[in-house]
Amino acid sequence: MAPRECGICWYVYQPAQGDDVWQVPPGTPFEALPDDWRCPRCDSAKDRFLPLREAPVDPRVRALEEAYRKIERERMSDFPLLNPALKVQAVGFRAFEGGLLGALVTPWSLNAIYFPPGGPPAPELGHDRALPAGPCRFFAQQVHGVEPIELASIVSPAVDFASQDEAVAAAGAAIDALLSPPPPPPKPAASRRELFPFLSRGPR
Ligand code: FE
């Protein structure tokens with residue numbers, strides 16, 4: 001019986017405790033809650049709940065998610081290329097060169113996001129950041145309520161993902177790939193002389 005977390009207000013449903021507001025008895029798994037059950041704190045629908053994250057979320061990342069949810073509500077409702085299967089979710093953030101690198105899924109995009117350590121902000125026109133996989137072009141962004149970020153587009157628009165799970169998996173894989181050294185180049189084809197050493201022998 002795994003707990004689940006409201007993706008809007010971060011209320012955690014604990015199956016062992018149930019829910020007094022909706023008179024759900026202790027020991028009720030999340031899956032057994034009625035379909036019309038709603039977040040007792042913010043009244044969000046049941047499908048806004050996500051598996052609880054194991055590690056505490058960095059406050060910068062939480063602020064990022066909250067800011068993008070606000071952008072979704074206030075500025076994106078008329079955007080024609082929204083994917084209704086997707087919601088705002090930060091994925092795979094981890095320390096990188098003194099900053100924090102991860103991905104952000106939104107109903108309209110999948111982006112790599114970097115919180116640079118202090119210092120002058122990156123130029124807005126973009127600059128190549130040296131990642132283990134190779135150079136990657138990031139653009140400085142100012143988002144209200146969020147520390148300065150740099151953003152690199154991975155997928156835009158995000159219309160081809162069939163589900164949130166699919167987008168989250170792609171986001172995690174993208175960050176893993178950016179932080180992994182590229183595979184060694186394939187060996188050049190063996191030369192004729194390596195394949196047929198006897199050819200190099202001189203006449204006997
Ligand atoms: Fe909630």
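These legends describe views of one predicted model. Residues are numbered from 1 along each chain as its sequence is written. Local features need pLDDT of at least 70 and side-chain atom pairs count only at pLDDT 80 or more, while totals for chains, interfaces and linings use all residues; side-chain values use heavy atoms, with hydrogens and water left out.

**View 1. The chain and its order of helices and strands.** The chain has 3 helices and 9 strands, where helices (H or I, at least four residues) and strands (E, at least two) are DSSP runs numbered from the N terminus. Along the sequence the pattern reads β-β-β-α-β-β-β-β-β-β-α-α. The C-alpha trace spans about 95 × 45 × 35 Å along its principal axes.

**View 2. The rings of Phe 30 and Trp 37.** Rings of Phe, Tyr and Trp (its six-membered ring) pair if their centres lie within 6.5 Å; planes under 30 degrees apart count as stacked, over 60 as edge-to-face and the rest as tilted. The count comes to 9 aromatic pairs. In one of them, the centres of Phe 30 and Trp 37 are 5.9 Å apart and the planes lie at 85 degrees, so the pair is edge-to-face. Phe 30 is buried at 6% relative accessibility, and Trp 37 is buried at 0% (buried: under 20% relative accessible area, exposed: over 50%, partly exposed in between; 1.4 Å probe, protein chains only).

**View 3. Charges over rings.** A charge sits over a ring if NZ of Lys or CZ of Arg is within 6 Å of the ring centre and within 35 degrees of the ring normal. Lys 46 has its charged end over the ring of Phe 30, 5.5 Å from the centre. Arg 60 lies over the face of Phe 115, 5.7 Å from the ring centre.
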